[in-house]
Amino acid sequence: MAISVLPYFVLLIICAGVQDVRGDTCTCSTSTGLTGVSCMTGVCDSTTCAASGKTCRQAYCDKCSSSTSSYCQPTDSCWPSSQVWNTFNSTVKGRLVAVAPIATVCYTQGIMSPGCVTVTNNWTNPYYRASQPGAAQFPIWEEDTLGNNCFNPSKPCTQGNIPPYAVAVQEVADISLALSFANKYNIRVVIKTSGHEFQGRSTAAGALLIWMYKYKNISINENYTACSGDPSVPAVIVTGSAAWGEVYAAVAPKYGVVGGSARTVAACGGYTLGGGHSYMSPAFGLAVDNVLAFSAVLANGTSVSVSACSYPDLFWALRGGGGGSFAVVTSAVYRLHPTPADGVTGFSLVVVLLQGTSSVSKVLDGFLSATPNLLSPSQNGSVWGGYFYVKQENEFYNFQAYLVYNGTISSANASLQQFLTFLTSNPNDFYIYFKQLFSNASMNDWHDVIDLGDPTGTISTLGSRLIPLSACTDSTLRATAVTAMTNLASPTYLHGHLVAGGAVAALDRTSTQTSVTPAWRDAVWHLVVASICDETCGKDKINEMFSNVTTWTDTLRKAFPNSGAYFSESDYNEPDWQISFWGSANYQRLQQIKARYDPTGIFQCHHCVTLPNATSTIDYYGNLGCYYCAGTAVQSCFALLLASVLAFYYLIGVH
């Protein structure tokens, strides 16, 4: 079906009339007292920043920031000449790519050009965004702090927050050469495997992008050993940008592997390096608990094998210390888990909550009470994992659960009885709209059945908190938890992840093997709150979106002050993030390891591990697609109406 041009012209007319409003201000708190940490919480006032030789940026950006970048920028005299770049291109065998934002073609060739139609048709396609060096999975990170991007047809199309050059990696030597070049000319480095990064860590203005998309491989070793004397185990070796969906297909049907719910996320990138939770985690641990070895390129360009017996300190840091911080990881080796002979059991449930927030409180209390039983291994070691939601649709709230149990239906049904009896015993509060217990051959097959999708291309943000076991077992703490979560059910929705407890709680309780926050080992739920802009969203609304998520997450932080947050799915404005993501002891050790392997700090990103002698956090303005900070209403209008047009085409079948 031909695509009508009318919606595009309407879009241009509407957005041309939108006002551009700027000028947020902010205030700054004092230091947290940790080594190398200042201006972590709150926002910054001009007086406080001026006293330290810094400038105050706009609201909800990274607080106090140096007025100039410590890296060489394209406008600086230190920036390499065209001849130098051409020579470097020859060095990397022609793999240097001049990068432009994906929407540039719409500006240079027109909105009806074939190239622009390709971009608009694939705007929310995560595979397409992964395949483009000029795209982030979430376009909010493609815009710089001055509001520059290629979404606004009434203004010049500029580079925005997209790196001007990328090395399209096809062999490890490309990475070493890229790092050597960046070190020589003091150019910032960012790494993109698939670009699924909620805080924009995989892109930066004026940076050299190490782009892993063209470098991928998957192989299985039935008798893998990382260190001499280790027992051999089945393992999968994942290289470069191979996505979890590809890995799942490669190991099935004989095996399963602990990986992400979103199939398009790279299996050898930030997901794992930040910890990596999974519907399989209660049965087998976090992704980092299942990593047997890495291959990586250090900041000095050296390629190394990393395991418990080779660079063991770096192995510990890479197992939870965050992506983009210590090295460029080129491959990861994961333990494989044989598919249960009797298959697995899936459970889908939709419950209508009949008495408003009163029923919300009751179902949360009941599910919290039942959670320890769901995560208590049966005689054959089976536990539940998966996802649940509390959201309002029309006049009623509802509770939805999509869970998987690595055991038989009869065993699964027995372990559900506490919660199901609770629901049927309260008919005035709960109407069970849908309930199904079903068999699957494997957890991967269950994943195919309940596929929750992988939406990208949206303007959104999120925050999270790890909910501890004590919120289930202590009646006072459970009441506090229920109140906090009920208060969030109306302004947002609750996205619960039953991805902790079980094996996660049993493994590495002393943080000797992994660097994730110890709060993971005490948790049962990973709870996410999120906000997304709609078609009316302008600059003020985007500011409000980030502010709301911080406020909502504060509710969870206050309810669970001694817990933590998941590095990869955290509030952008997370206060005391070093403690939330890693805990004080882990963070200080991570700083020492960073100093050993990245002494000049070539790897830097938002709320990532800093060098011990750092005077402040990274000047994130070079790494921020700052829609919500300096984005304009007209730009946001264009981007969001564009998304609306795409959604319209999809609904009427043009896709």
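## Salt bridges, helix pairs and a surface patch

Glu171 forms a salt bridge with Arg95, with 2.7 Å between the closest N and O atoms. This pair links distant parts of the chain, 76 residues apart: Glu171 sits in the loop between β4 (165–168) and α7 (172–185), and Arg95 in the loop between α3 (82–91) and β3 (96–98). A salt bridge here is a side-chain nitrogen of Lys or Arg within 4 Å of a carboxyl oxygen of Asp or Glu. By this rule the count comes to 20 salt bridges.

A word on the model before going further: it is predicted, so local features need pLDDT of at least 70 and side-chain atom pairs count only at pLDDT 80 or more, while totals for chains, interfaces and linings use all residues. Residues are numbered from 1 along each chain as its sequence is written, and side-chain values use heavy atoms, with hydrogens and water left out.

Helices (H or I, at least four residues) and strands (E, at least two) are DSSP runs, numbered from the N terminus.

| Pair | Distance |
|---|---|
| Glu171 and Arg95 | 2.7 Å |
| Arg509 and Asp522 | 2.5 Å |
| Glu574 and Arg557 | 2.8 Å |

How exposed are the partners? Buried means under 20% relative accessible area, exposed over 50%, and partly exposed in between (1.4 Å probe, protein chains only). Glu171 is partly exposed because its relative accessible area is 26%, whereas Arg95 is buried at 15%.

The side chains of Arg509 and Asp522 also meet in a salt bridge. Their pairing links parts of the chain 13 residues apart, with Arg509 in the loop between α17 (503–506) and α18 (519–522) and Asp522 in helix α18. Arg509 has 48% relative accessibility, so Arg509 counts as partly exposed; Asp522, with 39%, is partly exposed too.

Next come Glu574 and Arg557, another pair joined by a salt bridge. Glu574 lies in the loop between α19 (539–559) and α20 (577–582) and Arg557 in helix α19, so this bridge ties together parts 17 residues apart in sequence. Glu574 is buried, at 0% relative accessibility, and Arg557 is buried with a relative accessible area of 10%.

### Two helix pairs

Axes are lines fitted to C-alpha atoms, for helices over the stretch in contact, with angles running from 0 to 180 degrees between N-to-C directions. The axes of α3 and α7 come within 10 Å and cross at roughly 160°. These two helices are therefore roughly antiparallel to each other, given that angles over 145 degrees count as such. Their crossing is right-handed (the near helix is turned clockwise from the far one by less than a right angle).

How do helix α12 (residues 357–374) and helix α13 (residues 409–424) cross? Their axes come within 8 Å and cross at roughly 165°. That makes α12 roughly antiparallel to α13, and α12 passes α13 in a right-handed crossing.

### A nonpolar patch on the surface

Which residues form the nonpolar patch on the surface? They are Leu354, Phe396, Tyr431, Tyr433 and Phe434, with about 510 Å² of accessible area together. Patches are made of residues with over 30% relative accessible area and no salt bridge; like charges are joined within 9 Å, and nonpolar side chains (Val, Leu, Ile, Met, Phe, Trp, Tyr) within 5 Å. Accessible areas come from the Shrake-Rupley method with a 1.4 Å probe, and for residues only the protein chains shown count as cover.

Strand β17 (residues 430–440) gives the patch its largest share, three residues. Phe434 is found in strand β17 and is partly exposed, with a relative accessible area of 37%.

How values were computed:
Angles under 35 degrees count as roughly parallel, over 145 as roughly antiparallel, 65 to 115 as roughly perpendicular and the rest as oblique.
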